[in-house]
Number of protein chains: 2
Amino acid sequence: MATLESSVTLQADGQTDLDAIDQALDRSLRFGAGCPERLGEAMRYVVLGPGKRLRPRLVLMACRACGGDAATALPAACAVELIHAYSLAHDDLPAMDDDDLRRGRPTCHVQFDEATAVLVGDALQARAFELLATQLPAEHAGRCCGELARAAGAEKLVGGQSADLSGAFDGATVDDLRAIHARKTGAMFIVSLRLGAILAGAGEERLYQVTEYARALGLAFQVTDDLLDVSGSQQAVGKRLGKDADRGKLTYPKLLGVDASRRLVDELIDAAVAAVAPLGDTAGPLVDLARKLQNRDR
Amino acid sequence: MATLESSVTLQADGQTDLDAIDQALDRSLRFGAGCPERLGEAMRYVVLGPGKRLRPRLVLMACRACGGDAATALPAACAVELIHAYSLAHDDLPAMDDDDLRRGRPTCHVQFDEATAVLVGDALQARAFELLATQLPAEHAGRCCGELARAAGAEKLVGGQSADLSGAFDGATVDDLRAIHARKTGAMFIVSLRLGAILAGAGEERLYQVTEYARALGLAFQVTDDLLDVSGSQQAVGKRLGKDADRGKLTYPKLLGVDASRRLVDELIDAAVAAVAPLGDTAGPLVDLARKLQNRDR
């Protein structure tokens with residue numbers, strides 16, 4: 001799932017955001033004496049490694065698109081990245097997807113150990129909520145915590161991973177596949193956009209528009225992820241390829257074929273772009289990002 | 001760590017609280033279609049099993065002790081129990097403490113599987129923050145999320161477990177042991193009391209008093225836990241005994257001897273009782289609880 005981060009070329013303004021995000025993530029992972037050295041080191045390893053920070057960039061872009069000051073959204077940008085990073089560290093565990101390579105480096109349980117990988121995830125999740133609760137304007141902190149908690153919970157992120165592991169793909173249709181990815185990937189895309197918009201003071205109409213953008217973008221992201229698993233190079237993608245196919249997991253190319261999967265991506269990207277058209281020029285970076293994602297496997 | 005819950009006899013009013021907590025926990029673990037059935041079942045198994053709900057009861061007692069309406073603190077009571085339950089499910093994993101018995105029943109990874117036990121913990125942590133963020137009065141939600149996140153994070157709960165696992169007890173003194181337990185056990189006791197007090201609108205002085213009570217009570221709890229590991233019956237305690245000693249873990253009885261450990265408990269309980277003396281009669285249940293804890297291994 002980290003492939004976009006290593007395959008999208010950023011614009012100049014994107015680079016500034018990326019630097020700001022990386023610096024903020026670095027700051028968010030400094031701990032007092034209570035945190036054992038090895039635990040803190042492993043948390044930083046998992047979060048601060050290579051990555052283009054797609055979800056946190058979406059937070060900042062959504063904030064600007066809705067007329068807000070992106071600087072105020074930095075804690076939320078970090079929080080969604082911490083949740084994403086924790087979920088990868090846990091997904092990679094031997095009892096889960098059993099992956100040894102992530103973003104081109106050994107996964108956390110390989111580099112450290114399994115117990116540390118579990119605890120790293122646990123502590124990163126807590127830190128995400130600590131950031132929202134303590135570093136956002138008080139009038140938004142509670143709502144942002146609630147939105148992130150829901151997106152990260154049993155009905156969304158964790159539920160999607162659980163359904164994925166339990167072989168719920170057997171005999172699945174495209175609609176089933178979409179429903180699982182809506183949880184496993186889509187919910188975190190949606191909450192990224194929504195947190196940025198909320199922090200810009202967006203009303204319900206704007207929230208609806210960025211939510212629809214995120215819903216389409218998240219699904220397109222998953223389809224291109226599946227396409228990269230078939231056609232990408234391991235070096236570019238940064239993780240072992242062909243694994244999903246080897247495991248007998250259902251993927252979009254397998255269900256629809258490569259060409260129809262690409263057409264689906266095109267449709268989804270058009271839908272995403274249309275969703276934020278009413279926002280005008282401030283949504284330009286969101287449109288540009290969607291267009292880049294559209295071509296990341298070609 | 002669940003031993004007090006099965007060894008303290010509750011008062012009549014405590015029974016009412018316990019019923020209210022159990023009902024609220026049950027309600028807090030109902031999910032929509034997004035949550036896979038097995039995941040939801042496992043979350044309920046971990047949380048709704050036997051247990052005397054010490055931490056949530058402390059939330060309600062602290063709220064009343066500070067003049068608040070305990071009913072408004074029920075979401076916070078549930079949240080601390082969900083964090084506690086998640087930490088047990090993860091601590092019990094093969095890569096961690098590798099326990100197969102908890103509260104007299106198979107642990108989550110034995111009853112379900114390892115991947116489910118990891119995901120159960122992840123989803124319970126998210127649910128805890130969702131409860132605080134969405135069910136507490138808006139003026140307190142953010143602060144409560146921040147306090148719980150800090151207590152559950154890398155410098156406290158998770159940090160303590162990490163230090164415990166890494167053998168930081170080797171050559172440890174009583175002060176070292178106390179520092180580790182302050183994180184692994186103490187922080188969640190403290191936040192339980194603080195959330196209850198915050199929701200009662202307590203000022204800094206009251207917060208300080210309940211924090212000092214919780215600090216002493218949490219440590220006394222850990223010492224009596226160690227004493228039960230030496231002298232308790234497995235049936236009463238609900239988990240395998242002698243494990244800490246078998247693993248070469250440092251315990252209070254080993255460092256101080258049984259008699260001196262009991263004297264330490266007596267001192268700590270006196271300190272806890274003294275800390276809440278300024279609150280007067282409303283702190284009666286906190287005093288009663290401390291006195292029961294004092295004798296739970298005798």
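How many salt bridges does a search of the whole structure find over all chains? The search finds 34 of them, where a salt bridge is a side-chain nitrogen of Lys or Arg within 4 Å of a carboxyl oxygen of Asp or Glu. Side chains of opposite charge can pair when their charged atoms come close.

This is a predicted model, in which local features need pLDDT of at least 70, side-chain atom pairs count only at pLDDT 80 or more, and totals for chains, interfaces and linings use all residues. Residues are numbered from 1 along each chain as its sequence is written, chains are lettered from A and ligands numbered from 1 in the order in which they are written, and side-chain values use heavy atoms, with hydrogens and water left out.

**View 1. Glu81(A) forms a salt bridge with Arg53(A).** The closest N and O atoms of this pair are 3.1 Å apart. Glu81(A) sits in helix α5 (residues 74-91) of chain A, while Arg53(A) belongs to the loop between α3 (37-48) and α4 (54-65) of chain A, so the pair links distant parts of the chain, 28 residues apart. Helices (H or I, at least four residues) and strands (E, at least two) are DSSP runs, numbered from the N terminus. Glu81(A) is buried at 0% relative accessibility, and Arg53(A) is buried at 1%. Here, buried means under 20% relative accessible area, exposed over 50%, and partly exposed in between (1.4 Å probe, protein chains only).

**View 2. Asp225(A) pairs with Arg296(A) in a salt bridge.** Their closest N and O atoms are 3.4 Å apart. This pair links distant parts of the chain, 71 residues apart: Asp225(A) is in helix α11 (residues 204-231) of chain A, and Arg296(A) is in the segment after α16 (284-294) of chain A. Both Asp225(A) and Arg296(A) are buried.

**View 3. In chain B, Arg143(B) and Glu204(B) meet in a salt bridge.** The N to O distance is 3.8 Å. Arg143(B) lies in helix α8 (residues 138-152) and Glu204(B) in helix α11 (residues 204-231), so the pair ties together parts that are 61 residues apart in sequence. Arg143(B) is partly exposed at 38% relative accessibility, whereas Glu204(B) is exposed at 55%.

**View 4. Salt bridges that share partners join Asp22(A), Arg53(A), Glu81(A) and Arg103(A) into one network.**
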